[in-house]
Amino acid sequence: MVFKIHVNEFSVFGNPIHNTQSPYIHQLFSEQTNIIHNYDYTLVPLNKFYKYITNFFSYIGIGANVTIPFKEEAFLVSDKLTKYARISGSVNTLKKLDNGKILGDNTDGRGILYDLKRLKFIKRFDNILLIGAGGAARGIIFSLLSYNCNIYIFNRTIDHAIKLANNFKNFGSIFVLSVLELKNISFDIVINAISNIRSDNYWDSIYCLINKNTYFYDINYSKNNTVTPFLSWCMKYGINMFSDGIGMLVSQAAYSFFLWHDVLPDIDLVIKKIQ
């Protein structure tokens with residue numbers, strides 16, 4: 001078996017990965033903090049994550065980010081877990097400890113909470129409609145519940161939503177909704193946590209939620225001067241209080257940087273440069 005030889009101590013692992021902005025974001029962190037931080041990306045075959053990540057850390061790897069579809073595998077690779085990783089059941093950040101063990105963390109929740117605060121989209125005790133019950137949703141729920149928000153999960157497969165809600169029921173108010181129940185609740189924020197929907201028909205089912213006081217947030221971010229499908233849907237219906245997830249991307253990356261170097265970069269400054 002031949003592996004890619006890494007010349008960087010840090011990398012993001014995923015599939016697909018070539019359009020990632022993470023190396024540029026971490027370059028900005030490095031320049032801002034004057035910390036040497038050689039960061040690359042690694043395309044991993046779908047059945048080779050364990051071999052790629054163990055090879056990376058056995059060579060010169062110090063820290064890694066993990067994106068789709070490997071966050072649950074990264075959880076299993078970790079020797080130790082932070083509370084965010086343990087509770088979410090997924091890992092997006094890995095760090096090699098001094099004793100050679102691998103620490104797993106999940107910074108997605110802190111990333112989205114920071115960005116929602118920055119945008120002034122969120123306040124404590126808000127009602128949040130979370131669209132999707134996959135790994136992306138799993139990574140952000142704990143932080144939102146810790147901020148005393150009430151979460152309502154809306155998902156095509158209700159059994160998945162029920163299972164996810166049960167995993168977090170001990171950490172705050174979390175519920176599962178059907179389409180018929182949506183119109184009975186006033187939501188402060190709608191968060192889209194799915195990435196594979198291309199038809200407006202799915203989001204049309206939440207049209208009844210639209211009002212002048214609701215914020216709409218997409219954890220996905222725009223690429224190549226285009227908007228995400230979810231934000232395109234928002235614009236079609238005249239919604240003007242919305243944001244993509246570029247701020248979350250930068251914020252979660254900053255908390256990864258903090259885990260590795262014990263220094264938190266100026267997040268707002270980097271978001272402005274990225275935008």
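Visitor: What makes S10 and strand S11 (residues 215-218) a pair?
Guide: S10 and S11 are joined by four bridges in the parallel sense. Two strands pair if DSSP finds at least two bridges between them, so S10 and S11 qualify. At one of these places, Asn192 stands opposite Asp218 in S11. This is a predicted model, where local features need pLDDT of at least 70, side-chain atom pairs count only at pLDDT 80 or more, and totals for chains, interfaces and linings use all residues. Residues are numbered from 1 along each chain as its sequence is written, and side-chain values use heavy atoms, leaving out hydrogens and water.

Visitor: How many bridges join strand S7 (residues 127-131) to S10?
Guide: Four, and S7 and S10 run parallel. Ile128 has Ile189 of S10 as its bridge partner.

Visitor: Which way do the side chains of strand S10 (residues 189-192) point, and are they buried or exposed?
Guide: Ile189 and Ile191 point one way, Val190 and Asn192 the other, and all are buried (under 20% relative accessible area; exposed is over 50%, partly exposed in between; 1.4 Å probe, protein chains only). In a regular strand, side chains alternate between the two faces of the sheet.

Visitor: What is the order of the open sheet of six strands?
Guide: The order is S2-S1-S3-S5-S6-S4, with mixed pairing.

Visitor: Why do strand S2 (39-43) and strand S4 (80-81) stand at the edges?
Guide: Each has a single partner strand, so one side of each is left without a neighbour in the sheet. Strand S1 (residues 10-14) and strand S3 (residues 63-66), by contrast, run parallel and are joined by four bridges, and Phe13 has Val66 in S3 as its bridge partner.
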